[in-house]
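These are my notes from a first look at this structure. I put down what I looked up, in the order I looked.

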Amino acid sequence: ANSCDLFKKMKLLLNKFRNSFSRIPLIGWLLGALIAVVLEYYLGEPLADILMLPKIPVLFGFVIMLKKPLLIPSVAVFVLLIYALPISAVARLSAPLTNRLAAKLFSLPILISVVIHLGLLYAVLHLWSDISAYRVLMLKLTLIAVMVTLSLNVVNGYMGEFSCSHPGFMALGAYGTSVVTVFLFANDKLFGTAILPPALGPFMFPVALIIGGMVAALGALCIAVPSFRTRGDYLAIISLAFMFIVKSMIENLEFVGGPRGLSSQPDYASLPTVFLWTVACIWIINNFVRSTLGKALNAVRDDEMAANAMTVNTRRTKIVAFLFSAFWAGVAGGLFAHVLRYVNPGTFGLQKLAEVLAMVYFGGLNSVYGSIVGAVSLSLLSEALRPLEIFKWIIIPLLLILVMIYRPTGLIAFTEFNVMNLLKPKTMTEKEDEDAAASG
C-alpha cells in the first residue's frame, strides 16, 4: 500500500511538473534558448576551462563523451549549467509575461508574429553556430537536409508513390546553379574569366538557385511522363535508373569537370541565405500540401481510381507534384554546392538516397513536422555518433528498424503543420482556440 501511494504521489508530481511547462508559449522557449546561447557565447570558454574540458562542446557534448568517456561528468555539468537550467528557468519564470506578449502578437496580423518568432529563432541559431566553423557548416547542411526531406515527402508521403530520383534532382540543381554562378561571377580554369562583376553575384544568387531548380524540374518532366503510367515497384526502378543516368551523364561531361567535380563556387550560401530559403521552402510546401492540389494528392494516394471518378485529373496532379518536388530538391542541391564550394557526381549516389529516405520515413510520412524532425534528428545523430566510426552505421540502421517496427509510418506521421497553434498563447481556452481558428 505504501509503495502504491508513493507511486501515485510521484505520478501526481510528474503531471504537475509537466503541466507547469505546458503553459509556456513558443516565444518563451525561444527566449530561454536565446539566454542560453548568450551564456555559452560569453561564459562557455571559462566554464569549459573550470570543468577541464578541451574546448566548448560543439554538439552538446556528445562527440567529447564518445571520444573521452572520463569527461562525461564534466560535459553533463556544462550542458546542465549552460542549456538545461537557463532554458527551463527563463521559460518557466517568464511564462506570464511571454503569454501576454504572445496574446498581443496573436491579435496582430499573422505575418508580424511569424517574423518576430523567426527573428528570435535565427538569433538563437546564429549565436549558437558562431562558436565554431564546424557548427556553422553542420547547421547549414541540416537546413538543406530539411528542404530535401520535405520535397521527397511530397512524392513519397503525400502522393503515396516511391521515388528514388531525388539525388539526381539535387545533382541537376547543384550543377545548374554552379554553372551559372561560376561562369558569370568567378575566375575558373574551366570557364575562364568572370563575365560580370563579382559584386553582383549575391544579388543574382537567388536567380541562379531558381534556374537550378528549373533544371531539376525539367529533368523530372523527362521521367514523369513515362513513369506515371506505372506504379509501385516499377516507378521505384525507373526513378532509380534516372538517378544513375544523371550521375553517369555528369561524370562524362568534361564541360563541368567530369568525375573530378566542379569547384570555385562563390561563397554566396551564408547562414542567413540558407535559413531564409529553408523557411521559404517550409512555408511554400506546407501551403501546397494544404491546398486543393494537396488534397487531390491525398485522394490519389488513398484510391487513384476513386479520385479519377471524382473528377480529379490524377495524371496532371501527379506530374505537377513531381515537378514541384524536384524543383525544391534542385534548389537544395544548389545551396549544397555553394555551402561546400565544390560538387562531385559521386556525392549524389546510393548513400545520399539512403540518407534522404531514412529522414523521410524516420520523421513521418505525410507530415511537414515529421520531415523537419526526421532531417534534424538524423543529421544531429549522424554527427554525434561520428567518433564511433563503423559502429555508427550499425546503431543508426538498428534505430530505423525499431522505428519501422513500432511506428511504421514514422515518428510524426499525418500531422498538419498549423502555424496558428504554434504561435498562440498557452493560456487560451478551447472556445478562444476555436474562434481564432475560425477567424484565421
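**Entry 1: a pocket.** The model is a predicted one, and I keep that in mind throughout. I began with the lining of the second largest pocket and asked which helix gives the most to it. It is helix 7, with nine residues. I then listed the elements that give two or more residues to this lining: helix 7 (133–158), helix 14 (314–340), helix 15 (350–363), helix 16 (368–384) and helix 17 (392–406). The lining has 29 residues in total, and those nearest the centre of the pocket are Lys352, Glu355, Met359, Ser382 and Glu383. By kind, I noted 19 nonpolar residues, five polar and five charged in the lining. For the volume of this pocket I wrote down about 780 Å³.

**Entry 2: helix 4.** I checked the length of helix 4, which runs over residues 72–93. Its 22 residues, at 1.5 Å a residue, should span 32 Å, and the end C-alpha atoms lie 29 Å apart, so the two figures agree. I also looked for a bend, and found one of about 45 degrees at Leu80.

Which residues of helix 4 are buried? I have Ser74, Val75, Phe78, Ile82, Tyr83, Pro86 and Ala91 on my list. An α-helix has 3.6 residues a turn, so residues three or four places apart point the same way. I next looked up what covers the buried residues of helix 4, and the cover includes helix 2 (26–50), helix 3 (62–67), helix 5 (95–107), helix 6 (110–129) and helix 7.

**Entry 3: His117.** I found His117 in helix 6. Is His117 buried or exposed? Its relative accessibility is 5%, and therefore I count His117 as buried, the cut-off being under 20%. Setting aside neighbours within four places in sequence, I recorded contacts of His117 with Leu26, Ile27, Leu30, Leu105 and Leu423.

**Entry 4: Leu323.** I turned to helix 14 again, where Leu323 is placed. Leu323 counts as partly exposed because its relative accessibility is 22%. With neighbours within four places in sequence left out, the contacts of Leu323 are Ala217, Ala220, Leu221 and Ala224. I also looked up how far Leu323 is from Thr142: the two are 181 residues apart along the chain, and their C-alpha atoms are separated by 23 Å.

Note on methods. Residues numbered from 1 in each chain as written. Predicted model: local features only at pLDDT ≥ 70, side-chain atom pairs only at ≥ 80, totals over all residues. Heavy atoms only, no water. 1 Å grid on protein atoms, 1.4 Å probe; cavity = no way out; pocket = protein on both sides within 12 Å on 5 of 7 lines; lining within 4 Å. Points joined across faces, edges and corners; volume = space filled by probe spheres on them. Helix = DSSP H or I, 4+ residues; strand = E, 2+ residues; numbered from the N terminus. Nonpolar A, V, L, I, M, F, W, Y, C, P; charged D, E, K, R; others polar. Expected span 1.5 Å × (residues − 1). Bend = angle between axes of the 7 residues up to and from the residue. Buried < 20%, exposed > 50% of the residue type's maximum accessible area, 1.4 Å probe, protein only. Contact = heavy atoms within 4.5 Å.
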